[in-house]
Amino acid sequence: MVRKAICLVLALSLFIVGTAHAQSGAWAAVMTQANALYEAGDYAGAIETYQQIIDGGIQHSSVYYNLGNAYYKSGDLGRAVLNYERARRLAPRDEDIRANLAFARAQVADQFPVAEEGAVWATITGWHEALTVNEAAWVAWALFAVVCALGAVAILVYRWRRLALTGAAVVCVVLALALLSLGLKVHELKQDHAVIVAPEVNIYSGPGDTYLLEFTLHAGTTLTVVEEREGWVRGELSGDFQGWLLAEAVEFVRQ
């Protein structure tokens with residue numbers, strides 16, 4: 001009876017693995033089709049096919065990157081920035097993604113001042129931005145394990161105690177920075193970042209076009225949505241810029 005149960009479990013496991021592999025192969029074929037449409041200049045067809053892959057549950061940086069390229073080629077700067085940003089979140093160290101995102105953002109009509117960073121701070125933030133939230137969590141766990149190991153050495157091996165304690169103190173500092181980075185990444189994921197996809201949208205002082213018109217923004221501008229109300233959202237940009245705009249004019253980076 002036990003043997004039959006084990007055989008059944010193994011059979012089910014093989015079935016699940018085989019099904020997953022078949023699904024992966026099927027989506028790879030769709031990806032090839034989408035790439036072929038892109039190369040042929042059929043950007044609308046490529047967009048539809050890439051989106052079909054995403055709607056099928058495939059969350060991969062290459063799909064979002066290619067989708068961003070197709071939107072850029074079709075003249076939709078807003079959705080190009082949106083999908084490059086989605087790709088960057090999944091693969092923050094990918095140079096092609098970072099380059100295309102920077103290139104697209106440079107063409108956005110609305111450019112807001114950004115504070116200059118010193119070399120040391122740029123190095124710290126660069127390390128922070130280069131990791132995904134999962135990678136940051138693994139780094140924190142690894143550092144915690146190292147601290148525990150050094151603590152055990154300090155307790156069990158007297159002659160190495162001072163060296164182990166010194167090493168543990170240094171690693172604790174790095175661990176604190178890693179935990180801070182992880183906390184910031186989790187906070188960023190919880191924030192509702194959005195990209196304006198409408199060619200142009202008016203920003204009002206309140207949730208409605210009867211309020212004071214403050215300024216106008218254009219496709220590709222990224223903002224943080226802090227409030228939603230009856231088809232309107234309140235967005236914050238860098239500096240003190242904020243206001244209300246139509247919800248249909250933006251798409252959220254987080255899906």
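Here's a quick briefing on one helix, the nonpolar cores, a strand and the cysteines in this structure. Keep in mind that this is a predicted model. Helix α4 (residues 77–90) is largely enclosed by the rest of the structure, since ten of its 14 residues are buried. Strand β1 is largely enclosed too, with four of its five residues buried. As for disulfides, a search of the whole structure turns up zero.

**Helix α4**
- The buried residues here are L77, G78, A80, V81, L82, N83, Y84, E85, R86 and A87.
- Their cover includes helices α3 (61–73) and α5 (95–106), along with strands β1 (192–196), β4 (222–229) and β7 (250–252).

- As a general point, nonpolar side chains in soluble globular proteins tend to be buried together.
- The largest nonpolar core has 28 residues, and the ones touching the most other members are Y50, V63, L67, A70, V81 and Y84.
- Elements giving two or more residues to this core are α1 (2–39), α2 (43–55), α3, α4 and α5.
- Take Y50: leaving aside neighbours within four places in sequence, Y50 is in contact with M31, A34, N35, Y38, V63, N66, L67 and A70.
- There's also a second, separate core of 14 residues, and among its members are F112, A194, A198 and V250.

**Strand β1 and its partners**
- On one count, β1 is joined to β4 by four bridges, and the two run antiparallel.
- Within that pairing, V195 sits opposite T222 of β4.
- β1 also runs antiparallel to β7, with three bridges joining them.
- Here A194 has F252 of β7 as its bridge partner.

**Cysteines**
- A disulfide is a covalent bond between the sulfur atoms of two cysteines.
- The whole-structure search found zero of them, and C148 is in none: its nearest cysteine sulfur belongs to C172, 9.0 Å away.
- C148 counts as partly exposed because its relative accessibility is 40%.
- C172 counts as partly exposed too, at 37% relative accessibility.

Terms used:
Residues numbered from 1 in each chain as written. Predicted model: local features only at pLDDT ≥ 70, side-chain atom pairs only at ≥ 80, totals over all residues. Heavy atoms only, no water. Buried < 20%, exposed > 50% of the residue type's maximum accessible area, 1.4 Å probe, protein only. Contact = heavy atoms within 4.5 Å. Disulfide = S-S within 2.5 Å. Core = buried A, V, L, I, M, F, W, Y, C linked by side-chain atoms within 4.5 Å. Pairing = 2+ DSSP bridges.
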